[in-house]
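Hi,

Here is the structure I promised to send over. Have a look at it first, and then read on for what I found in it.

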Amino acid sequence: MASKLTNIFFIAFFLISTSTIAQQKSFTPKKGEITFVSETSGLSFTFQHIFKDTLIVNSQKVQGVWVHNLINTNNSDYVPLDDSTNLVWATKPTNYEYSFENNPKIVEYRNEHKIIAGYKCFKVTYEQLLDKTTITDKSITPPEIAYTIKKEFWVTEKIKTKFNPICRERTILEKYYPLEISYTDTLLPGIFTNYKLKSISLSD
């Protein structure tokens, strides 16, 4: 009898969990927050977006020191915020910049899943070679030594926005929304960075 009750409990739990995930609808966040944390070479970092309709308070903390900006999603620009008053500095907005990309190799692994904060995510790998031949943007100084950036994303397709605290790859954000990222490059062998979700409460 106890065994049957246990089986019924697990089946019910599985159905409820699956139903919750399946009922998620795609949305563009207009309110709420999302926060990531990481640690590299003994340094701790926090990355946060607080959504307020078409504005995003973008915050980063390195070793206890916060830096804040206000992003305007309509204009894709930002202005700095004063750390103590949260007031906008009287400066001209700066264009929001995405990472330089030149035909990165992107591979989807839709059969590999991970549940992150209730979102059913799948794996996407990203590989980008950077050298004097691939960097055609004259505003960017090409590296003296060619190197390859490799990233592993765990992404959802339920959140629709091109603004993420830890991702500025436009090719990724146009299709997915990362909730976890692992990063390495051949220029700094042995250095591995992992960005993990700390909290999320986004809604439309």
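Phe122 sits across from Val155 of strand S9. That is one spot in the antiparallel pairing of S8 with S9, which runs over nine bridges. Keep in mind that this is a predicted model.

S8 also pairs with strand S7 (residues 105-116), again in the antiparallel sense and over nine bridges. There, Ile115 has Lys120 in S8 as its bridge partner. The S7-S8 hairpin leaves two residues between its strands, and Ala117 adopts a positive phi near 50 degrees.

Now for the inside. The largest nonpolar core counts 31 residues, and Ile34, Val124, Phe153, Ile172, Tyr177 and Leu179 have the most contacts within it. Among the elements that each supply at least two of its residues are strand S1 (31-40), strand S9 (147-156), helix H2 (170-173) and strand S10 (177-185). Which element gives the most to this core? S8 does, with five residues.

Leaving aside residues up to four places away in sequence, Tyr177 touches Ile34, Phe51 and Trp154, among others, including Asn164 and Pro165.

As for the whole protein, there are two helices and 11 strands, in the order α-β-β-β-β-β-β-β-β-β-α-β-β from the N terminus on. Of its 204 residues, 36% are buried. Taking contacts between residues at least 6 apart in sequence, 48% link residues at least 24 apart. The exposed surface comes to about 12,400 Å², with 55% of it from carbon and sulfur atoms.

Cheers

Terms used
Residues numbered from 1 in each chain as written. Predicted model: local features only at pLDDT ≥ 70, side-chain atom pairs only at ≥ 80, totals over all residues. Heavy atoms only, no water. Core = buried A, V, L, I, M, F, W, Y, C linked by side-chain atoms within 4.5 Å. Buried < 20%, exposed > 50% of the residue type's maximum accessible area, 1.4 Å probe, protein only. Helix = DSSP H or I, 4+ residues; strand = E, 2+ residues; numbered from the N terminus. Contact = heavy atoms within 4.5 Å. Pairing = 2+ DSSP bridges. Areas by Shrake-Rupley, 256 points an atom, 1.4 Å probe, with all protein chains shown as cover.
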